[in-house]
Amino acid sequence: MDSTEVVRWQATGKVRSLMWDGDDLVDRVDGGRRWTSDGAEHQSRQLYAYPFDRAVVSPSGRYTVTYTERGTKALLLDGQRIVRELNRSHYHAEDFDYPVALGALADGREVLVHCPESYEVIEVEDVATGKRLTHGERTPIDVFHSRLAMSPDGKHLLSAGWLWSPFGIARVYDLERALTEPTVLDDEGLLPPGSWADAEIDAACWLDGDRLAVATGEAEAEADEGDLGVLGPEQLGVWSISERKWLHRHRLEVPMGTLIGHGDRVIALCEYPRLIDVATGAVLAEWPEVVVSSRVGSYGVTHVPTPVAALHPDGSRLAVAQPDGIAIIALPRSASCPSPQGASSR
């Protein structure tokens, strides 16, 4: 097991979001507060008179959504200019993470994906114009969408939300088809519910345009260990959209928490960061000196926040918010480590 260098940058206040801009780091929640590559902090003059605590950024870096993770309010920004206010339903908003993502479709258009009217209805909008791209009558299943993420190729959408019980689930949707048939966003999606056993899905992330990493928790009931086609409880699996099957499944020896895709590996953020090989389930490196929360899933307790972290676009470094600043972890190199769109935890 490897452990690599950790560099620490100081911060004068709480770091609430992290995005890479070249070799600089930016906190968009704090109006664009910036740390240059030498670790020097530069304050922003842009402040928001509202307690936003999370942010996502578009692939181009031009657009940002700054939002309250367990609230109903958000801002869409073009640079530092406020484009418009966003909202989501008040219904159980304090109980689960705000569903919002920014990404680019296969044709290059940057889009906003969120649930502006109902917790169970996903809408897609052109960021530049505000035009809604999902039109027509909807017939949603009663699911609380959360932790939305577009695939790197812009063809699919992940929702790692929950059903009323509560019970953590994942849905994968054909985003290209949804632009002409928006009701595909209202069904069970491309990841069959029967493909995992009676265990909650605690976390999921894209590895590339075809593969999805999924972590499950403990089983609600006794699971059938003999079913070779099913992801079992307390496992890490890799699902292929094109092959419609689990490529890998491994028993978890460590908690997963929040996942960030890193090529053929995932970064698991729970108590401290770990780098895990998805093909073998082996922990390749870990950093117990970098403390993060033990948050699991998209719903539930409010006093355990989601870790704030960002993977550098070239896959070489992971930035993790700390109580007194930022930890920069130099990651072991891999033969394949493409970065998904929006490679940051929220």
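**Entry 1: what I am working with**

I note that this is a predicted model, in which local features need pLDDT of at least 70 and side-chain atom pairs count only at pLDDT 80 or more, while totals for chains, interfaces and linings use all residues. Residues are numbered from 1 along each chain as its sequence is written, and side-chain values use heavy atoms, with hydrogens and water left out.

**Entry 2: aromatic rings**

I read that a pair of aromatic rings is described by the distance of the centres and the angle of the planes. The rule I used takes rings of Phe, Tyr and Trp (its six-membered ring) as a pair if their centres lie within 6.5 Å, and it calls planes under 30 degrees apart stacked, over 60 edge-to-face and the rest tilted. By this rule I get a count of 13 aromatic pairs. One of them is F144 with W162, a stacked pair at 4.0 Å centre to centre with 10° between the planes. The two residues are 18 residues apart and the pair links distant parts of the chain, since F144 is in the loop between β12 (123-126) and β13 (148-150) and W162 is in strand β15 (residues 162-163). For strands and helices I follow DSSP runs, numbered from the N terminus, with at least four residues for helices (H or I) and at least two for strands (E).

I then looked at how W162 sits beside W164: their ring centres are 6.0 Å apart and their planes are at 35°, so this pair is tilted.

**Entry 3**

I followed strand β2 (residues 19-21) into β3, and the two pair in the antiparallel sense over three bridges; strands count as paired if DSSP finds at least two bridges between them. In this pairing D21 stands opposite D24 in β3. The hairpin of β2 and β3 has two residues between the strands, and G22 in the turn has a positive phi of about 65°.

On the way out of β3, I found that β3 and strand β4 (residues 33-35) pair in the antiparallel sense over three bridges, with L25 opposite W35 in β4. Here the hairpin has five residues between the strands, and G31 in the turn has a positive phi of about 75°. Within β3 (residues 24-27), D24 and V26 point one way and L25 and D27 the other way, and all are buried.

**Entry 3: a four-stranded sheet**

In what order do the four strands of the open sheet stand? I read the order as β22-β23-β24-β25, with antiparallel pairing. The edge strands, each pairing on one side only, are β22 (258-262) and β25 (283-286). Inside the sheet, β23 (residues 265-270) and β24 (residues 272-277) pair in the antiparallel sense over six bridges, and I noted that the bridge partner of R265 in β24 is D277.

**Entry 4: cysteines**

I looked for disulfides, taken as pairs of cysteine sulfur atoms within 2.5 Å, and the structure holds zero. C270 is in no disulfide, and the nearest cysteine sulfur, that of C205, is 15 Å away. Both residues are buried, C205 at 7% relative accessible area and C270 at 3%.

**Entry 5: two buried arginines**

I found R295 in the loop between β25 and β26 (309-311), where R295 is buried, with a relative accessible area of 2%. The side chains of R295 and D97 are joined by a polar contact of 2.8 Å; this term means a pair of N or O atoms within 3.5 Å, where within protein one must be able to donate a hydrogen and the other to accept it, and residues adjacent in sequence count only if both atoms are side-chain atoms. Leaving aside neighbours within four places in sequence, R295 is in contact (heavy atoms within 4.5 Å) with residues including E69, R70, R147 and T258.

R171 lies in strand β17 (residues 171-174) and counts as buried at 6% relative accessibility. Not counting residues up to four places away in sequence, R171 touches several residues, among them L157, D187, E188 and W196.

How values were computed. Buried < 20%, exposed > 50% of the residue type's maximum accessible area, 1.4 Å probe, protein only.
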